[in-house]
Amino acid sequence: MSKRSHHHLTELGCIACEDLTEFGAGKEGWLAPDAGTTVLCALDVHSLAIANRSVVLILGWSDSDEPRVKIRPELSPIEAERITAIEWLVFDDIKVIAIGTSRGFLLMYSLRGDLIHRQMVYHGQIIKLRVRGTKKDLMQDISSEDVCVVMPGVIARFDGSDIRSMLQRWFQETHSRFWDEKSNKDSEDNGNFDDRLPYQIWNVNKYGSCVDAAITGIMPPPLMELQSSQRYYCAVTIGDDAVISAFRLSEDRKRSLVGVILSKVMPVTFSTIASFSKMIWRSEPTPTSKPEEKLQSFARASSLTCLKDYPRKGEKLTLSPSGTLAAITDSLGRILLLDTQALVVVRIWKGYRDANCFFMEMLVNRDDKCASSSYHVPGKSDYCLCLAIHAPRKGIIEVWQMRTGPRLLAIQCAKGCRLLQPTYRFGSLSDSPYVPLEVFLLNGDSGQLAVLNRFLN
């Protein structure tokens, strides 16, 4: 499909199809973030994943003939389990879809709909799956790539290298079984349950349960532990009781008092409840059911700062590529720009209720850069970090230059639109042509997908 440009937007393709009816397509504003039935979206290059409570649809937007895949995870009807988060996991040669559920399970599926991995993270709803990474360069002497699982009052971290190794093993074994003439349907694998992924988990509900959170990156150890060999991470949380909270996360689990208590009390509690239920209902044993996974104890989380400003409540959080800036929306229609290293708010926008934000990169001084050479290929240093703000009540998208720069763009948009951003790609080669951070606009009513132009006309 040929690309069409409309001033500041370039149309890329269309996702309209009959399969979207199951997700509410056809109703005005069905894709709007504030719609009654929340539809989850995750974008990758040439692929879009859309999910409701029980189904994930994978479709392409650049080729209308590309086959679509529907994934229906096995969810517990007794627990009213539902899909609560989705995200792409993209490596050099592997791409899978990750799903979080209301019971705290992390699922991974192939593009064919095969279950690759199923693992309990913690009891509770998975609110968000965040994929981020920082490459080792002149400004960053340590590289870090991870998948962050956000739950109410809990945050967990899976290392990208562990996920890559597990996926590579699964695809290699699947390929071997495909060519093995002795394999049959009875030996088919329903997911890698025994090979649990290692991860760290922290309790961050000191100032109340969080509605969103993110690990912003690696931070220095405390002054008394400068010789420590373990890593420390900085986490920012937002919620109803505290608009912004920040924590230092340690890899050490031995000194976490809360983790010790819960690791001892929780298994006994669940075991007692289960035994008591069997005595009352005298239910017959179900040999096919799998035993509950043992919960991992919490590591140490130390409070760094907290901002309480009742009745203001934190609503959404988005990180810059480096993790040094965070844009936070609140219930009073404000957007706070937080410096995650100094832990201070450096800028505030007002009058943006129900806003959604994404960081992006633009060629602000494009003419000056291109004047020296007509064959100049923009590099990372040529781009300027900006913040795209979608204000659905105003029907407008604004792009502001970071940190204190002016508004660069103002684009009118339809009511049923949603801003999207492709997921971080693990292990991208540093010597390949630089791909700037882009923001896409999906019109739910027409099905058109467009990208915000990276340069000013």
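When I say that two residues are in contact, I mean that they have heavy atoms within 4.5 Å. What you see is a predicted model.

Phe171 sits in helix α1. Leaving out neighbours within four places in sequence, Phe171 is in contact with Ile94, Val96, Ser110 and Ile116. Take Ile94 from that list: Phe171 and Ile94 are 77 residues apart along the chain, and their C-alpha atoms are separated by 8.8 Å. Phe171 has a relative accessibility of 29%, so it counts as partly exposed.

Now the packing. In general, nonpolar side chains tend to be buried together in soluble globular proteins. Here the largest nonpolar core has 30 residues. Those with the most contacts inside this core are Leu89, Met108, Val121, Phe158, Ile163 and Leu167. Which elements supply at least two residues each of this core? They are the strands β7 (83-90), β8 (95-101), β9 (105-109), β11 (128-134), β12 (144-151) and β13 (154-159), together with helix α1 (160-179). Helix α1 gives the most, with four residues.

Val121 is worth a look on its own. Not counting residues up to four places away in sequence, Val121 touches Gly104, Leu106, Val149, Met151, Ala156, Phe158, Tyr199, Ile201 and Leu295. There is also a second, separate core, of 21 residues. Phe23, Ile50, Trp61 and Phe440 are among its members.

On to the aromatic rings. A pair of aromatic rings is described by the distance of the centres and the angle of the planes. Trp170 counts as buried because its relative accessibility is 6%.

Phe91 and Phe426 also belong to a cluster with Tyr424, linked by ring pairs.

Two charged side chains also lie over rings. Lys95 lies over the face of Trp88, at 5.0 Å from the ring centre. Arg118 is placed over the face of Phe105, at 4.0 Å from the ring centre.

Four strands form an open sheet in the order β3-β4-β5-β6, with antiparallel pairing. β3 (40-44) and β6 (69-71) are the edge strands, each pairing on one side only. On average, neighbouring strands in this sheet are turned by 15° against each other, direction ignored.

I will walk across it from β3. β3 and β4 make a hairpin with two residues between them. In that turn, His46 has a positive phi of about 70°.

Is β4 enclosed or open to the outside? Five of the five residues of β4 (residues 47-51) are buried, so the strand is largely enclosed by the rest of the structure. Ser47, Ala49 and Ala51 point one way from β4, and Leu48 and Ile50 point the other way. Ile50 is the residue I asked you to keep in mind, from the second core.

From β4 we go to β5, which runs antiparallel to it and is joined to it by four bridges. These two strands form a hairpin as well, with four residues between them. The bridge partner of Ile50 in β5 is Leu57. Leu57 in turn has Lys70 as its bridge partner in β6. β5 (residues 56-59) and β6 pair in the antiparallel sense over three bridges.

That is what I had. I will take questions now.

Notes. Residues numbered from 1 in each chain as written. Predicted model: local features only at pLDDT ≥ 70, side-chain atom pairs only at ≥ 80, totals over all residues. Heavy atoms only, no water. Core = buried A, V, L, I, M, F, W, Y, C linked by side-chain atoms within 4.5 Å. Buried < 20%, exposed > 50% of the residue type's maximum accessible area, 1.4 Å probe, protein only. Phe/Tyr/Trp six-rings, centres within 6.5 Å; stacked < 30°, edge-to-face > 60°. Lys NZ or Arg CZ within 6 Å of the ring centre and 35° of its normal. Pairing = 2+ DSSP bridges. Axes fitted to C-alpha atoms, helices over the stretch in contact; angles between N-to-C directions.
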